[in-house]
Amino acid sequence: MHELLVELFPICRSITGDGVRATLRAIERHVPLDWHEVPTGTRVLDWTIPNEWNIRDAWVKDPAGRTIAAFRDSNLHVVSYSAPMHRHLTLAELRPHLFSLPERPNWIPYRTSYHDENWGFCLAHRQVERLVDGDYEVLIDSTLAPGSLSYAECVLPGTDTAEVLFACHICHPSMANDSLSGVVLTTFLAEAMARRTRRYTYRFLFAPATIGAIAWLATQGALVDRVLHGVVLTCVGDPGPLTYKRSRRGAAEIDHAVLQVLRDRHVEHRVVEFTPYGGDERQFCSPGYDLAVGALTRTPYGEYPEYHTSADTPALVTPAALGDSLDVCLGVIDVLESNGRYLNLSPYGEPELGRRGLFRAISGNVDASSPEVALLWVLNYADGHHTLLDVAARSGLSFDRIREAARVLNEHALVKEIPDGRLEMGSPRTTLEAQQVQQVQQVHQVHQVHQVTKGTSQA
Ligand code: ZN
């Protein structure tokens, strides 16, 4: 992942243009991609695809003819989407077009001007402070012309058409942790999932932030409801502890799954509530869609000083942190794939576990620390309503222990899994699922009536 990140780092990306396509081509060496080109002027929800921007060169020369900012040294020097120009200016005329960070005088900031035609240069503040009056020459060799916005997705079908979405943004120029760490993680996650058998269909989306996600949503229509669970990935390569931002729903299955995986790892992490700012979770969780999509970062955007500056380099991203983030994502997938609802087939009193060899031969009282306790949790909550994740959360036991208990009980015909026992409301299968739960309840009621009748006759 870190090698791919280093390879992608120098490419000048923006919300459109050849840098995005070069990035997608590099990703395509790892996973198959479906490409989409959305033409300039296309209405996507409330937005319009802008002109495509491409840049070949840009620089500012001071009165002595020395280059003070060159695109070839750092693509952050040019405000993204700067209009083409070649002009001589006084320092006073140039100043409103210069951006720097007084509090970080050696770093170049990252600035964009996507939707107002403008131009500008970003410089280290120490350089701006040294500028003298005189004649400045400015060149921006760019094109802003009708073209298209590019995005791509890798779709891996499962036995179920319901989908798990992983999304990253591919629109940032040379910055490593914000944007690229998410891109390489999404790529390798797709590569890993391509080799596995899958219950869900997996969709890995590589799109420019905001307008790319909006373009994707606009093309999905009602199909967007196939997305049952989702996670937006960025800032996943720094060594800070993981931070999970809940979906707008707050307690969706994806939220439970990520929380459970983070908790089971017993390492420091943070869980924060949904906010309507940040990454593309804003689009997926806009109220018209309200998809169950959360966001995973390590140190969140804006909370590390290098964010959106030239100091966000591949040195800030460690292979170990990327690997750890990948493990967590695979752990979340593992939970989603095996989470389910079970039905206790012997729900009247506790089944005799000792007779089945499921209890220690010599045992005192079973308490919270006993190895058998996971069996009791699963048996009690295998009521057709609670999922294994619910049982893990209630019991405080790890998902692995609860899943293993369900497996053993299933082997002994004490529980059975309810097919497609999904948690999410509003999913295409909700009605079917509700019917199944109802059937289960009816079976129980019939059983209860039978038992009561029997009890009466015996009395
Ligand atoms: Zn960013």
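Colleague: In this predicted model, which side chain meets R298 in a salt bridge?

Modeller: R298 sits in the loop between strand 16 and helix 9, and its partner lies in helix 9, 26 residues apart from it. A salt bridge needs a side-chain nitrogen of Lys or Arg within 4 Å of a carboxyl oxygen of Asp or Glu. Here the N to O distance is 3.0 Å, and the partner of R298 is D324.

Colleague: Is R298 buried or exposed?

Modeller: R298 touches residues including C235, P239, L242 and S325. Its side chain also reaches the backbone oxygen of A321 at 3.4 Å. Buried means under 20% relative accessible area. R298 has 6% relative accessibility, so R298 counts as buried.

Colleague: Which residues coordinate the zinc ion?

Modeller: Along the chain, the donors follow the spacing H-x5-D-x129-H. H172 lies in the loop between strand 11 and helix 5, and H308 in the loop between strand 16 and helix 9, so this pair ties together parts that are 136 residues apart in sequence. The distances to the zinc ion run from 1.9 to 2.1 Å, and the residues are H172, D178 and H308.

Colleague: How many residues of helix 6 are buried?

Modeller: Helix 6 covers residues 211-220 and is mostly covered. Among its buried residues are I211, W216 and Q220.

Colleague: Which residue forms a salt bridge with D18?

Modeller: D18 is partly exposed, with a relative accessible area of 44%. An α-helix has 3.6 residues a turn, so residues three or four places apart point the same way. The closest N and O atoms are 2.8 Å apart, and the partner is R21.

Colleague: Which residues do salt bridges that share partners join into one network?

Modeller: By the distance rule, the model has 22 salt bridges. One of them pairs D18 with R21. Through shared partners, the network joins D18, R21, E37 and E52.

Colleague: How many residues apart in sequence are the parts that R203 and E163 tie together?

Modeller: The two side chains meet in a salt bridge at 2.7 Å, N to O. Both R203 and E163 are buried. R203 lies in strand 12 and E163 in strand 11, so the parts they tie together are separated in sequence by 40 residues.

Technical notes. Residues are numbered from 1 along each chain as its sequence is written. This is a predicted model: local features need pLDDT of at least 70, side-chain atom pairs count only at pLDDT 80 or more; totals for chains, interfaces and linings use all residues. Side-chain values use heavy atoms; hydrogens and water are left out. Buried means under 20% relative accessible area, exposed over 50%, partly exposed in between (1.4 Å probe, protein chains only). A polar contact is a pair of N or O atoms within 3.5 Å; within protein, one must be able to donate a hydrogen and the other to accept it, and residues adjacent in sequence count only if both atoms are side-chain atoms. Contact means heavy atoms within 4.5 Å. Donors are N, O and S atoms within 2.8 Å of the metal (3.2 Å for Na, K and Ca); water is not among the atoms, so sites may look incomplete. Helices (H or I, at least four residues) and strands (E, at least two) are DSSP runs, numbered from the N terminus.
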